[in-house]
Amino acid sequence: MSDTEEIRAQALEVAAGWSGPDAPDAWQLTAALFRMIAEHEVLLGRLADLPPDRLPALLAGAAVSFLVQRDRAAPLARYFPEPGGPQPPFDAGFYAAAEDLVSSRIDEILALCHAHRYQMNEVGRSTQIALGITATTGGRGDPIGLADLGTGAGLGLALDRYRYRIGGQAHGPQDAQLTLTCELRGVGRPPALRLPPIADRAGIDASPVDLQDPLSRAWLQACAPPEASSLARLSAAIGVASQTQPAIIAGDAVGMLPSVLRSLAPGHSVVVVDAYTAVFLTAPELSRLADVLASAAEKRPVTWLSLDPLVPLGRAGRDSVQGLPLPSWLISDYQRHGVFAVLGARTFHGTSDTGQLLARAHPSGQWVEWLASPGAELSVRQATASEPAPRPRRQSARG
Ligand SMILES: C[S@@+](CC[C@H](N)C(=O)[O-])C[C@H]1O[C@@H](n2cnc3c(N)ncnc32)[C@H](O)[C@@H]1O
């Protein structure tokens, strides 16, 4: 069972990620939706029946979006964008309309929360992952094998089919059906994006999203923030995935990984991506994951690219899921402002195991702040948490 104060804190944390002085107007609805959830005592009390690992606050947001989208529930529906449509104007009338819908349909909301897992698949994270692949493969152009843990609908498996606009520079196929835009923050600069050819690819998910099933697709859309650009990129990515039909194995990421790694075409280095997945693994599962990767690295180099919040989840987060040392200023920024992910790479090759903090990153791929300096890889076994590291001269204040 969950604690109502923890659910409230989770809702407020999401709201904080979608607000702040430089938040675009289109983010107001998402911030307000989670603020409303944080203030709805009856809803919080009912959500406490769900275990914390089901992410009750996020489930509630998805359930409200699902009902609004399915039923075009008036008057709340006028605040929510249609996929592919513009962001409707926001005003304070939202709060009364949202509270009214939640209070009058609370049983339906809870039924949806109990019946579904929170299934957000944020294709925008592909930009940050693509930069991580560029940085760790050195832009050499040798083909790689790609495995995506917690792949959801497999949107991250098609990352070489998207076009990217990073800090004003465009990369990737010109005829791509989806262009992802990412702002560069801070003073560090990532390498120019250059993805190697992907020789083979596969994803694993405990509950994969079947894009052919209209209800699964509708729930996936409901789990996306109700923000026009999020919904537009999700629709475009669903279009790409529906055409390419990525191989997705149903099962536990750590349990299925050895066979997935064996199934990838031999002769290539492998990049194992985890975006917002390892954060849900327990410490023994994380340790087993590292063992699986180390064992696969007896045959070929394997890089684990992680884009995850700090653990434990929430404001007390202080550690990288990969066991990478983090500078203390980054940890205190996380604890004060929260809501960013850390992009890290851990490379296993023969008996060596080295890691590097690459960047911090917006949870929906809207910005990246590059932190890596060339040659800064550390042996992970020697590393300790919270080592001092130079702080970039300018820091973004908000996650
Ligand atoms: C927050 S979502 C992230 C999805 C996707 N990686 C992204 O960044 O958009 C986490 C995903 O991991 C999956 N998941 C969680 N624990 C898992 C596990 N132990 N094994 C496999 N998949 C898992 C969930 O089903 C969900 O699809």
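The structure is a predicted model, in which local features need pLDDT of at least 70 and side-chain atom pairs count only at pLDDT 80 or more, while totals for chains, interfaces and linings use all residues. Residues are numbered from 1 along each chain as its sequence is written, and side-chain values use heavy atoms, with hydrogens and water left out.

Two packed helices are described by the angle between their axes and the distance between the axes. Helices (DSSP runs of H or I, at least four residues) and strands (runs of E, at least two) are numbered from the N terminus, and the axes are lines fitted to C-alpha atoms, for helices over the stretch in contact, with angles running from 0 to 180 degrees between N-to-C directions. Helix α1 (residues 4-17) and helix α2 (residues 28-39) have axes that come within 8 Å and cross at roughly 165 degrees. That angle makes α1 roughly antiparallel to α2, where angles under 35 degrees count as roughly parallel, over 145 as roughly antiparallel, 65 to 115 as roughly perpendicular and the rest as oblique. By class, the contact of α1 with α2 has eight nonpolar, no polar and two charged residues, where Ala, Val, Leu, Ile, Met, Phe, Trp, Tyr, Cys and Pro count as nonpolar, Asp, Glu, Lys and Arg as charged, and the others, Gly among them, as polar.

Helix α4 (residues 56-71) packs with helix α8 (residues 214-223) at an angle of about 120 degrees, with their axes 8 Å apart, and α4 and α8 are therefore oblique to each other. Their crossing is right-handed. On the α4 side, Leu59, Ala62, Ala63, Ser65 and Phe66 meet Leu215, Ala218, Trp219, Ala222 and Cys223 in α8, and the residues of this contact divide into nine nonpolar, one polar and no charged. The axes of α4 and helix α6 (residues 106-115) come within 9 Å and cross at roughly 115 degrees, again in a right-handed crossing. Here Leu59, Ala60, Ala63, Val64, Phe66, Leu67 and Arg70 of α4 are in contact with Glu108, Ile109, Leu112 and Cys113 of α6, giving nine nonpolar, no polar and two charged residues.

Around the ligand there are 18 residues, of which Glu122, Arg125, Gly150, Asp205 and Ala253 come nearest; a residue is near a molecule or strand if one of its heavy atoms lies within 4 Å of it. A backbone N or O atom of Glu122 lies 2.7 Å from an oxygen atom of the ligand, and a polar backbone atom of Ala253 is 2.8 Å from a nitrogen atom of the ligand. For Gln119, a polar side-chain atom lies 3.0 Å from an oxygen atom of the ligand.

Most residues other than glycine have a negative phi, and most peptide bonds are trans. Arg72, although it is not a glycine, has a positive phi of about 45 degrees, and Arg72 is found in the loop between α4 and α5. The peptide bond from Ala74 to Pro75 is cis, with omega near 0 degrees, and Pro75 lies in the loop between α4 and α5 (93-104). The bond from Val311 to Pro312 is a cis peptide bond with omega near 0 degrees, and Pro312 is located in the loop between β8 (302-308) and α12 (328-337).

Key. A crossing is left-handed if the near helix is turned anticlockwise from the far one by less than a right angle, and right-handed if clockwise. Contact means heavy atoms within 4.5 Å. A polar contact is a pair of N or O atoms within 3.5 Å; within protein, one must be able to donate a hydrogen and the other to accept it, and residues adjacent in sequence count only if both atoms are side-chain atoms.
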